[in-house]
Amino acid sequence: MKHLQLQAEALLLDMDGTLVQSTTEVEKVWRQWCQWHALAPEPVLAICHGQRAQEVIRAIAPHLDIAAEAARLDALELSLTTDVHAIAGCRESLQRLPPSRWALVTSASHPLARQRLQSADLPLPALLIGAEDVAHGKPDPQPYLLAAARLDLAPARCLVFEDAHAGITSALQAGCQVIQVGGQQKQHPDVRAIIRDWQQITIDCPAQGPLCITLSA
C-alpha cells in the first residue's frame, strides 16, 4: 500500500489492540480466571481477544453462571488496569476528530473502557458502545449496527478500525468499511487495508461533508 484515500461520515473504533495496547493485562486476567476454575488457559487465550467475557465463558464453560463470572472478570480487570499505553499516533488522531464524528465500540464494560482510555491519556468518546449495551457481542454485528444507528448513519458510511478477528467480522457483517490494525495478513479479504499503527493515518475534518482519511505505507 502506497496511499489509500477513504471517506466516511464517522469512525467507529475498537479499543484493545486498536487504541490501547493491553494484551498483557487482558491475558493476565483470563489466566487468573482459568486458575480459579482449573481450566487450561490456551483455549481461552485463543478466543478471548476482541470478544465480551460472556461469549468467551459461554464457549469455554457454559455450565458456569455467565453473568456472575463476567462481573467477576470485569472487577478483576478494573483492579489491574495500570499498564496500558496508547498505540502510536492514535492520541493525535482522536484529538483531531470532532466528538460527533467518532465512537468507541468495545467488548469491555463502560467503566473498564473509561479507565483504560484515561490510563492511556486518551480522550473519552461522546458515544460509547460497551459490553452492557448489546445482547450479542462481537463477532455478531449488533455492536456496530447500534453505533451507526445512534449516530444516525448508514453502516456503509462508517469506517471501522479493528485488530481482532471477532471485531472485524462484526463490522463487516454490519456493512461497515474496515481497516485492520496490526498483523501481516488480512484477517478477512474484505478488509480495506492493514496499518501498523495510527502514525500511518492522516485525517482531514472539513466543517461540512465526510471525513477524508489517508493511509500511507
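Predicted model: local features only at pLDDT ≥ 70, side-chain atom pairs only at ≥ 80, totals over all residues.

Biologist: Which helix gives the most to the lining of the largest pocket?

Modeller: The largest pocket has a volume of about 550 Å³ and a lining of 34 residues. Helices α1, α3, α4, α6 and α8 each supply at least two residues of that lining. The greatest contribution, six residues, comes from α4.

Biologist: How many residues in the lining of the largest pocket are nonpolar, polar and charged?

Modeller: Nearest the centre of the largest pocket lie Gln-51, Arg-52, Ala-53, Ser-107 and Ala-108. Across the lining of this pocket, the division is 14 nonpolar, twelve polar and eight charged.

Biologist: How much space lies in the largest cavity?

Modeller: The count is one cavity of 30 Å³ or more. Its lining includes Arg-52, Thr-106, Ser-107, Lys-138 and Pro-143, and by class the lining residues are four nonpolar, four polar and two charged. The space in the largest cavity is about 40 Å³.

Biologist: Which residues does Leu-122 touch, leaving out those up to four places away in sequence?

Modeller: The largest nonpolar core has 35 residues, and Leu-122 is listed with Leu-11, Leu-19, Phe-161 and Leu-215 as having the most contacts inside it. A second, separate core of 18 residues includes Leu-12, Tyr-144, Cys-176 and Val-191. With residues up to four places away left out, Leu-122 touches Leu-19, Val-20, Ala-86, Cys-90, Arg-91, Leu-94 and Leu-117.

Biologist: Are the rings of Trp-30 and Trp-33 stacked or edge-to-face?

Modeller: Trp-30 and Trp-33 are three residues apart in helix α1, so about one helical turn separates them. Trp-30 is buried because its relative accessibility is 5%, and Trp-33 is buried because its value is 0%. There are two aromatic pairs by count. The ring centres of Trp-30 and Trp-33 are 5.3 Å apart and the planes stand at 80°, over the cut-off of 60 degrees, so this pair is edge-to-face.

Biologist: Is Ser-22 buried or exposed?

Modeller: Ser-22 is placed in the loop between β3 and α1. Beyond its neighbours within four places in sequence, Ser-22 is in contact with Asp-16, Val-84 and Arg-116. Because its relative accessibility is 1%, under the 20% limit, Ser-22 counts as buried.

Biologist: Is Cys-212 buried, exposed or partly exposed?

Modeller: Cys-212 belongs to strand β11. Apart from residues up to four places away in sequence, Cys-212 touches Leu-6, Gln-7, Thr-202, Ile-203 and Asp-204. Its relative accessible area is 27%, which falls between the limits of 20% and 50%, so Cys-212 is partly exposed.

Biologist: How far apart in space are Ala-193 and Ile-179, C-alpha to C-alpha?

Modeller: Ala-193 is in strand β9 and is buried, with a relative accessible area of 5%. Ala-193 and Ile-179 are 14 residues apart in sequence. Their C-alpha to C-alpha distance is 5.3 Å.

Biologist: Which elements are among those that cover the buried residues of α8?

Modeller: Eight of the ten residues of α8 are buried, so this helix is largely enclosed by the rest of the structure. Among the buried residues are Ala-166, Ile-168, Leu-172 and Ala-174. After α8 comes Gly-175, with a positive phi near 100°. The cover over the buried residues of α8 includes α7, β7 and β8.

Biologist: Is the peptide bond from Lys-138 to Pro-139 cis or trans?

Modeller: Most residues other than glycine have a negative phi, and most peptide bonds are trans. Pro-139 lies in the loop between β6 and α7. For the bond from Lys-138 to Pro-139, omega is near 15°, and the bond is cis.

Biologist: What is the phi of Ala-38?

Modeller: Ala-38 lies in the loop between α1 and α2. Its relative accessible area is 71%, over the limit of 50%, so Ala-38 is exposed. Although Ala-38 is not a glycine, its phi is positive, at about 55°.

Biologist: Is Asp-121, a residue with phi near 60°, buried or exposed?

Modeller: Asp-121 is in the loop between α6 and β6, and its phi is positive although the residue is other than glycine. Because its relative accessibility is 54%, Asp-121 counts as exposed.

Definitions and conventions: Residues numbered from 1 in each chain as written. Heavy atoms only, no water. 1 Å grid on protein atoms, 1.4 Å probe; cavity = no way out; pocket = protein on both sides within 12 Å on 5 of 7 lines; lining within 4 Å. Points joined across faces, edges and corners; volume = space filled by probe spheres on them. Helix = DSSP H or I, 4+ residues; strand = E, 2+ residues; numbered from the N terminus. Nonpolar A, V, L, I, M, F, W, Y, C, P; charged D, E, K, R; others polar. Core = buried A, V, L, I, M, F, W, Y, C linked by side-chain atoms within 4.5 Å. Buried < 20%, exposed > 50% of the residue type's maximum accessible area, 1.4 Å probe, protein only. Contact = heavy atoms within 4.5 Å. Phe/Tyr/Trp six-rings, centres within 6.5 Å; stacked < 30°, edge-to-face > 60°.
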